[in-house]
Amino acid sequence: MPDNIILIGFMGSGKTTMGIRLSYRLRQTFLDTDRLIEKEENRSITDIFAADGEEYFRKKETEMLEQLLKETSGQVISVGGGTPLREKNRELLHKLGKVIYLKVSPETVYERLKGDNTRPLLQGENPMEKIKALLQERNGIYEETADVIICGDGKDCQQILDEMMEVCK
Ligand code: S3P
């Protein structure tokens, strides 16, 4: 059974930042499924969404998890914010290892991502409304998928990292 640590959570929750730090601390490799998909497809997520749509990207996410399940153990893996939405993916995430949900408020996401143009789902008018609606839709799924929930609001990286290390003992 693979013993990876998987970070899930909304866009801008700090999965990548914290995943890199955690992997240093654990002396493990860090993998980010968004980046792996971009590499495999040789184009950005924005381009994938624009050319082939969200469903195509979701299919790629599932395939990537299946691939990782065959190949990885003892690594820190960050997945895209929408990955846990598919039931099949939730199953795969659990098989991959311990799932940590990095939970943050819509305000935190907004502050971190204002001006960002790399998240297709948050582009256009009223990003705060989009963040709130999507978070409300997804929070229950994230909580249900998680083995452990860590709240990121109002904490610095060191505090979050310490909490993660406790979980990884
Ligand atoms: C998405 C989150 C993004 C990326 C894609 C879709 C989502 O990843 O996978 O834009 O549906 O929440 P991050 O959570 O790493 O930003």
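**Entry 1: a loop asparagine**

I began with asparagine 42, which lies in the loop between helix H2 (33–41) and H3. Helices here are DSSP runs of H or I with at least four residues, strands are runs of E with at least two, and both are numbered from the N terminus. A note to myself before going on: this is a predicted model, where local features need pLDDT of at least 70 and side-chain atom pairs count only at pLDDT 80 or more, while totals for chains, interfaces and linings use all residues. Residues are numbered from 1 along each chain as its sequence is written, and side-chain values use heavy atoms, with hydrogens and water left out.

I looked up phi for asparagine 42 and found a value near 60 degrees, which is positive in a residue other than glycine. I noted this since most residues other than glycine have a negative phi. Is asparagine 42 buried or exposed? Asparagine 42 counts as exposed because its relative accessibility is 71%. The cut-offs are under 20% relative accessible area for buried, over 50% for exposed, and partly exposed in between, using a 1.4 Å probe and protein chains only.

**Entry 2: another positive phi**

Asparagine 126 also went into my notebook, with a positive phi near 55 degrees in a residue other than glycine. I found asparagine 126 in the loop between helix H5 (106–113) and helix H6 (127–145). With 49% relative accessibility, asparagine 126 counts as partly exposed.

**Entry 3: the ligand**

Which residues come nearest to the ligand? I counted 13 residues around the ligand, and Lys15, Asp34, Arg58, Arg119 and Arg138 come nearest. A residue is included if one of its heavy atoms lies within 4 Å of the molecule. Helix H3 (residues 45–71) gives the largest share of this shell, three residues.

Next I looked up polar contacts, meaning pairs of N or O atoms within 3.5 Å; within protein, one must be able to donate a hydrogen and the other to accept it, and residues adjacent in sequence count only if both atoms are side-chain atoms. For lysine 15, a polar side-chain atom lies 2.6 Å from an oxygen atom of the ligand. For arginine 119, a polar side-chain atom is 2.7 Å from a ligand oxygen atom. Glycine 82 uses its backbone instead: an N or O atom there lies 3.2 Å from an oxygen atom of the ligand. Taken alone, the ligand exposes 380 Å², and the protein buries 96% of that. Those areas come from the Shrake-Rupley method with a 1.4 Å probe; for residues, only the protein chains shown count as cover.

I then visited glutamine 75, in the loop between H3 and strand E3 (76–78). Glutamine 75 is buried, at 15% relative accessible area.

Valine 79 lies in the loop between E3 and helix H4 (87–96). With a relative accessible area of 1%, valine 79 is buried. I found 8.5 Å between the C-alpha atoms of valine 79 and leucine 31, which are 48 residues apart along the chain.

Leucine 69 is in helix H3, and at 24% relative accessibility leucine 69 counts as partly exposed. The C-alpha atoms of leucine 69 and arginine 90, 21 residues apart along the chain, are separated by 13 Å.

**Entry 4: cysteines**

How many disulfides does the structure hold? I found zero disulfides, a disulfide being a pair of cysteine sulfur atoms within 2.5 Å. Cysteine 157 counts as partly exposed at 27% relative accessibility, and cysteine 168 counts as partly exposed at 22%.
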